[in-house]
Amino acid sequence: MEHTELFRQYQKREGRRCLALALLIAAIVALGLWFITLGTASTGPGTVLRAVSALLSGTLEGSEEAAEYKIILLLRLPRLAAAVAAGVGLAAAGTGMQAVTGNPLVSPFTVGVSSAAAFGASIAIVLLGVTSLGGELTIVLCAFGCAVGCAVLVYLVCAAAGMSSESVVLAGTAMSYLFSAGSSALQFFADEHQLSDVVQWTFGSLNGISWREVGIMALFVAPCSLALRRFALAFNAMAAGEDGVVRGLGVNPAAVRVTAGLLSILMTAAIISFTGVIGFVGLIAPHIARFVVGGDHRFLLPFSGAVGALLLMAADTVGKVILAPVTIPVGIVVSFLGVPLFLNLILTGRKRFLR
Amino acid sequence: MSLQVEDLRFRYGGGEPVLDGVSFAARRGELLGLLGPNGTGKTTLLRCVQRVLTPCEGRVLLDGRDLWEMGLRQRARLVAYVPQGVHGALPVSVADFVLSGRTPFAAGGRLSKNDREIAFTVLERLGLKEFAFRQMGALSGGERQRVLLARALAQTPQVLLLDEPTASLDLRNQLRILELVEKLARRERLAVVLAIHDLNLAAACCRSLVLLGEGRVQAMGTPEDILTPESLRRAYGVETEVVQARGQTFVHLLKAPVNVKNEL
């Protein structure tokens, strides 16, 4: 069949978008390679590649630079991988939550997962007396448990209220306040050290993250974001009309809200249980991606994932380098870095070339 | 060969029934116009036919097949709905919007070549080619109505339901969109049901009319039969003059004589 001219034009635009996505991923790899070399012990990209090849060929222990290689392989690489996994996950979750609620101000944290996770961490630190930070298993489990519990609560309320998009936002916001009050109550009774530990946790940091933790994070992020991608057309339909019209297109909006919402929350809970609260990426990355590729979720989801990864990676590196040897938590830096970027995008208008 | 609506009943919550046993049949290839004052349930009726509103009672058959028995997706492949408008300034391009009409056919969030081919053929046929990569928010009312129609046609439906397709359009666009729908109905053998307020347009374009009132069908038949001063007085409470000329039915609205003394 002879293709219409429009068909070819559309095909060309999709080709440009795929190319842009490939370039973005290449940029992530290249920048990652550069970011690894930065830090208290500076190295070159060559050392990084040699370290990886030494690991792969099994000659790590015998080599002369084993200590340097280990810094790269066991400290910097997992940290970078964690930034990428968390960036992709939070950004994809943000896009998903904005799509199911039809509200551009929503982030994965709107439904209260972050305050629930913080509440869980507070329980572990204050009530159970866990002291060490950075992926202590009890803290992770408590944070994750509370975040998932919060998600279940929100969805029970919403299901009773008919699964409308307003009910998700309202119930989530209410839950957010409830868990914040819980955390405050615990902090009221905490001693000085516990208090500082709790506050530290809420900054959100990638300090001392191990391969095992990155692995668990990726185990949630990869399947959840791939599953979200399968809802792309349903998201598009939901963005373009009210629920009745969406049902007329063969999509059940309530079912999409439950499934995609839970996938987003699960992914977010898994990430912030390890890293602490890294806000803002989930809100801003979808918007930056939307500025670039427009509202088609088939492209918006992968683009915002890539933007999220890039943003967190850059923020973590800046936080590590700017006041070295002090490391500023990534959760703080990402806002300092993201807000000017975002404002600039709002002011300079939309980039047309991929839309 | 037709769309049969049998004894449709619906009420919102526990309130008064909006539809209280509505039955009619729409032949393929023709337009059937739903008339009636505001709030008589024209939109509700369209949404019930599509079973977007539940629970409604009754039966809707397409060529003898029960539309309500099938799943959401299956039904969306047969019945398409054109809403009165789109809300807000959508951040979606026209091409992507029309492509979303292929949602009931796509699996796993992917669109096939065939899906694109169908959607873009519809776009070109409706003269929307030059708008394809514009944003929905940047279109005029007439263009937007055509895009909504294009999305419905991209569903390759057998039944087309339109909710006041001419509501916010100028005279030229009103006629244009209805002529377009008429042509499509004839060519694709679609059963078309449209809710419409403009009696003259309805008389010009619809082969049969259904006059709704108080949740029931008050009258049903050809424009000449339905549009009489008596039936319009009963339905709308207004005085009209109905003229048959050039093979068309024209309804003129008569203003009640203003009695200044009584008003004051």
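Where is Glu164(B) found? Select this residue to begin: Glu164(B) lies in the loop between strand S7 and helix H6 (171–188) of chain B, where helices (H or I, at least four residues) and strands (E, at least two) are DSSP runs numbered from the N terminus. The model on the screen is predicted, so local features need pLDDT of at least 70 and side-chain atom pairs count only at pLDDT 80 or more, while totals for chains, interfaces and linings use all residues. Residues are numbered from 1 along each chain as its sequence is written, chains are lettered from A and ligands numbered from 1 in the order in which they are written, and side-chain values use heavy atoms, with hydrogens and water left out.

**Stop 1: two residues with positive phi**

Remain at Glu164(B). Its phi is near 45°, a positive value in a residue other than glycine. Glu164(B) is buried, with a relative accessible area of 13%; buried means under 20% relative accessible area, exposed over 50%, and partly exposed in between (1.4 Å probe, protein chains only).

Next, select Thr156(B), in the loop between helix H5 (141–154) and strand S7 (159–163) of chain B. Thr156(B) is not a glycine either, yet has a positive phi of about 40°. With a relative accessible area of 36%, Thr156(B) is partly exposed.

**Stop 2: where the two chains meet**

Now display both chains. Contact, meaning heavy atoms within 4.5 Å, involves 34 residues of chain A and 41 residues of chain B. The size of an interface is often given as the accessible area lost when the parts come together. Buried area is the accessible area (1.4 Å probe) that two parts lose on being put together, summed over both. Chain A and chain B bury about 3300 Å² between them, of which 59% is on carbon and sulfur atoms. Select Leu6(A), Leu233(A) and Leu249(A): in chain A these lose the most area to chain B, together 21% of what that side buries.

How many residue pairs are in polar contact across the interface of chain A and chain B? The rule finds 8, both residues of each pair being at pLDDT 80 or more. A polar contact is a pair of N or O atoms within 3.5 Å; within protein, one must be able to donate a hydrogen and the other to accept it, and residues adjacent in sequence count only if both atoms are side-chain atoms.

Then colour three helices of chain A: H1 (5–37), H9 (232–239) and H10 (243–248) each supply at least two residues of the side that touches chain B. H1(A) gives the most to that side, with 8 residues.

**Stop 3: salt bridges between the chains**

Side chains of opposite charge can pair when their charged atoms come close. A salt bridge is a side-chain nitrogen of Lys or Arg within 4 Å of a carboxyl oxygen of Asp or Glu. The whole structure holds 20 salt bridges over all chains, and the count between chain A and chain B is 5.

Select Lys129(B) and Glu5(A), which form a salt bridge with their closest N and O atoms 3.3 Å apart. Move on to Arg13(A) and Asp96(B), another salt bridge (3.2 Å, N to O). This pair crosses from helix H1 of chain A to helix H3 (residues 94–99) of chain B. Arg13(A) counts as buried at 2% relative accessibility, and Asp96(B) is buried at 11%.

**Stop 4: salt bridges within chain B**

Select Arg216(B) and Asp20(B), whose closest N and O atoms are 3.2 Å apart in a salt bridge. The pair links distant parts of the chain, 196 residues apart: Arg216(B) is in strand S10 (residues 216–221) and Asp20(B) in strand S2 (residues 17–27).

Asp63(B) and Arg28(B) also meet in a salt bridge (2.7 Å, N to O). These two are 35 residues apart, with Asp63(B) in the loop between strand S4 (57–62) and strand S5 (65–66) and Arg28(B) in the loop between S2 and strand S3 (31–35) of chain B. Asp63(B) is partly exposed at 33% relative accessibility, whereas Arg28(B) is buried at 11%.

**Stop 5: helix H8 of chain A**

Finally, select helix H8 (residues 211–229) of chain A. Among the residues of H8(A) that are buried are Met217(A), Val221(A) and Cys224(A). What covers the buried residues of H8(A) includes helix H3 (66–101), H9, helix H11 (253–275) and helix H13 (297–321) of chain A.
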